[in-house]
Amino acid sequence: MNYLTIALAKGRLGNESIKAFQKIGLGNSIDPTSRKLIFSDKENNISYIFVKPSDVVTYVQNGVADLGIVGKDILLESNANVYEILDLGFGKCKFSIAGIKNQGIYRKDEVLKVATKYPETTKQYFKERQQKIEIIKLNGSVELAPLVGLSDVIVDLVETGNTLKANGLQVIEDMFDISARLIVNRVSYRFKYDQIQNIAEKLERSLMKSDD
Ligand SMILES: Nc1ncnc2c1ncn2[C@@H]1O[C@H](COP(=O)(O)OP(=O)(O)OP(=O)(O)O)[C@@H](O)[C@H]1O
Ligand SMILES: O=P(O)(O)OC[C@H]1O[C@H](OP(=O)(O)OP(=O)(O)O)[C@H](O)[C@@H]1O
């Protein structure tokens with residue numbers, strides 16, 4: 001049996017990711033309350049490493065990890081050279097444009113100021129719609145930007161809509177559906193195909209069961 005390394009995100013997707021592996025009889029070596037960043041499961045020949053959500057792609061793309069779980073938002077933004085083999089169905093939210101007023105956002109001759117944590121996805125989206133924009137790159141609390149006049153609109157993740165509502169904002173346009181995805185290093189997928197496919201199929205089957 002080959003040795004597999006699996007990169008999981010700390011934070012929001014962490015617990016769901018651990019649960020997904022535990023449902024298929026893996027991941028029992030992980031202690032979510034610990035500050036440790038690496039857990040080895042010698043019985044199943046697997047190591048789990050815990051990294052920042054946006055770094056999961058980096059570890060998988062470089063082959064340090066064979067597999068990873070990451071939000072589709074990060075995949076869109078990073079344009080990573082990895083295989084995305086399964087939609088895991090958790091971490092569901094939408095990538096949306098939001099603003100103070102529900103008015104047309106497309107102002108062909110004017111530059112629209114857009115605050116976001118996701119500059120690449122935002123640039124691409126507006127380019128396809130021939131809207132000139134100025135990106136204001138933020139690292140969080142993006143909803144604040146239109147309130148204080150830093151931007152006209154924001155591009156951010158929306159789940160319940162509570163953050164928008166609490167700040168007097170509303171969705172103007174939904175861009176993409178987001179959820180957690182299982183990603184695989186391209187070389188690992190060739191050389192460890194059976195083992196990886198086995199895990200992916202088990203995860204998929206267990207997801208279908210929990211949908212019932
Ligand atoms: N409100 C949300 N509802 C559902 N899923 C979300 C929500 N916000 C983020 N996510 C998903 O969870 C992933 C991780 O989000 P999390 O909030 O843990 O980290 P982050 O704040 O984006 O990253 P960092 O820790 O680097 O600041 C996101 O990439 C996205 O796929
Ligand atoms: O629609 P809701 O259910 O309110 O969720 C949306 C919020 O969740 C995420 O923020 P997060 O909590 O990760 O904080 P951040 O702003 O620091 O990224 C996202 O950036 C929104 O702000």
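Modeller: The accessible surface of the protein chain comes to about 11800 Å², and 46% of that belongs to carbon and sulfur atoms. Accessible areas come from the Shrake-Rupley method with a 1.4 Å probe, and for residues only the protein chains shown count as cover. This is a predicted model, where local features need pLDDT of at least 70 and side-chain atom pairs count only at pLDDT 80 or more, while totals for chains, interfaces and linings use all residues. Residues are numbered from 1 along each chain as its sequence is written, chains are lettered from A and ligands numbered from 1 in the order written, and side-chain values use heavy atoms, leaving out hydrogens and water.

The protein chain has 8 helices and 11 strands. These are DSSP runs numbered from the N terminus: helices are H or I with at least four residues, strands are E with at least two. The C-alpha trace spans about 60 × 35 × 30 Å along its principal axes. Of 212 residues, 45% count as buried. Buried means under 20% relative accessible area, exposed over 50%, and partly exposed in between (1.4 Å probe, protein chains only). Of the contacts with a separation of 6 or more, 65% join residues 24 or more positions apart. Contact here means heavy atoms within 4.5 Å.

Take ligand 1. It is surrounded by 15 residues; a residue counts if one of its heavy atoms lies within 4 Å of the molecule. The closest are Arg12, Lys52, Asp73, Lys117 and Glu159. Arg12 places a backbone N or O atom 2.9 Å from an oxygen atom of ligand 1. For Lys52, an N or O atom in the side chain is 3.2 Å from a ligand 1 oxygen. Asp73 has a polar side-chain atom 2.6 Å from an oxygen atom of ligand 1. Taken alone, ligand 1 exposes 620 Å², and the protein buries 77% of that.

Ligand 2 has 13 residues around it. Arg12, Glu143, Glu159, Thr160 and Thr163 are the closest. The side chain of Lys117 brings an N or O atom to 3.0 Å from an oxygen atom of ligand 2. Glu143 sets a polar side-chain atom 2.6 Å from a ligand 2 oxygen. Glu159 uses a backbone N or O atom, 2.7 Å from an oxygen atom of ligand 2. Ligand 2 exposes 490 Å² when taken alone, of which the protein buries 72%.

Which elements build that second shell? β9 (153–158) and α6 (162–166) each supply at least two residues of the shell around ligand 2. β9 gives the most, with 3 residues.

Leu164 counts as buried because its relative accessibility is 6%. Beyond neighbours within four places in sequence, Leu164 is in contact with Ala98, Glu143, Ile154, Val158, Leu169, Gln170 and Val171. Leu164 and Arg129 are 35 residues apart in sequence and 24 Å apart in space, C-alpha to C-alpha.

Two loop residues deserve a backbone check. Most residues other than glycine have a negative phi. Ser141 has a positive phi, near 45°. Ser141 lies in the loop between β8 and α5 (144–147). With a relative accessible area of 59%, Ser141 is exposed. Gln130 also has a positive phi, of about 50°. The loop between α4 (119–128) and β8 (133–137) holds Gln130. Its relative accessibility is 62%, so Gln130 counts as exposed.

Last, a buried arginine. Arg181 lies in strand β11 (residues 180–184). At 11% relative accessibility, Arg181 counts as buried. Its side chain makes a polar contact of 2.7 Å with the side chain of Glu84. A polar contact is a pair of N or O atoms within 3.5 Å; within protein, one must be able to donate a hydrogen and the other to accept it, and residues adjacent in sequence count only if both atoms are side-chain atoms. Another, of 3.1 Å, joins the side chains of Arg181 and Ser179. Outside four places in sequence, the contacts of Arg181 include Gly68, Ile69, Val70, Lys72 and Leu75.
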